[in-house]
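The sequence and the structure are shown below.

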Amino acid sequence: MSTTYTEQGLPEDVKNVHRAIASLIEELEAINWYHQRVAVTEEPELKSILAHNRDEEVEHACMTLEWLRRVMPQFDEQLRTFLFTSGPIGHANHAEESGGASGSLGIGSLSKGGK
């Protein structure tokens, strides 16, 4: 992830979203690194410390994701569709898009701004 902008003259709100996304990527990378280290570390106390560090990074990633959800309606909509569901993840919104159990032909989705 580049820390530079792809366009010149960006408004501050766009720069803030970029900062949040770059930070989220960094947090996810740190989670991955700690998670791998926890998996291979045999010394119990060090393993515990590394797991604690990983979990702190998860907290940071979640806070950043929540900020993105609050400032970007697209994040809010998709997170509400996919988070805390129990069915297959890839099909969470499939029923809605295809008309679902309502038996519609999916034409109603056109009235929602072409979604």
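## Contacts along the sequence

Among contacts (heavy atoms within 4.5 Å) with a separation of 6 or more, 35% join residues 24 or more positions apart.

The model is predicted, so local features need pLDDT of at least 70 and side-chain atom pairs count only at pLDDT 80 or more, while totals for chains, interfaces and linings use all residues. Residues are numbered from 1 along each chain as its sequence is written, and side-chain values use heavy atoms, with hydrogens and water left out.

## Secondary structure and surface

Four helices and zero strands make up the assignment, in the order α-α-α-α along the sequence. Helices (H or I, at least four residues) and strands (E, at least two) are DSSP runs, numbered from the N terminus.

The accessible surface (Shrake-Rupley method, 1.4 Å probe) is about 8700 Å², with 58% belonging to carbon and sulfur atoms. Of the 115 residues, 20% are buried, that is, under 20% relative accessible area with a 1.4 Å probe, protein chains only.

## Nonpolar core

A nonpolar core is a set of buried Ala, Val, Leu, Ile, Met, Phe, Trp, Tyr and Cys residues joined through side-chain atoms within 4.5 Å. The largest one comprises six residues: Val17, Ala20, Leu24, Ile31, Ala61 and Leu68.

Leaving aside residues up to four places away in sequence, Ile31 touches Arg54, Glu57, Val58 and Ala61.

## Charge over a ring

Arg37 lies over the face of Tyr34, 5.8 Å from the ring centre; the criterion requires NZ of Lys or CZ of Arg within 6 Å of the ring centre and within 35 degrees of the ring normal.

Terms used
Buried means under 20% relative accessible area, exposed over 50%, partly exposed in between (1.4 Å probe, protein chains only).
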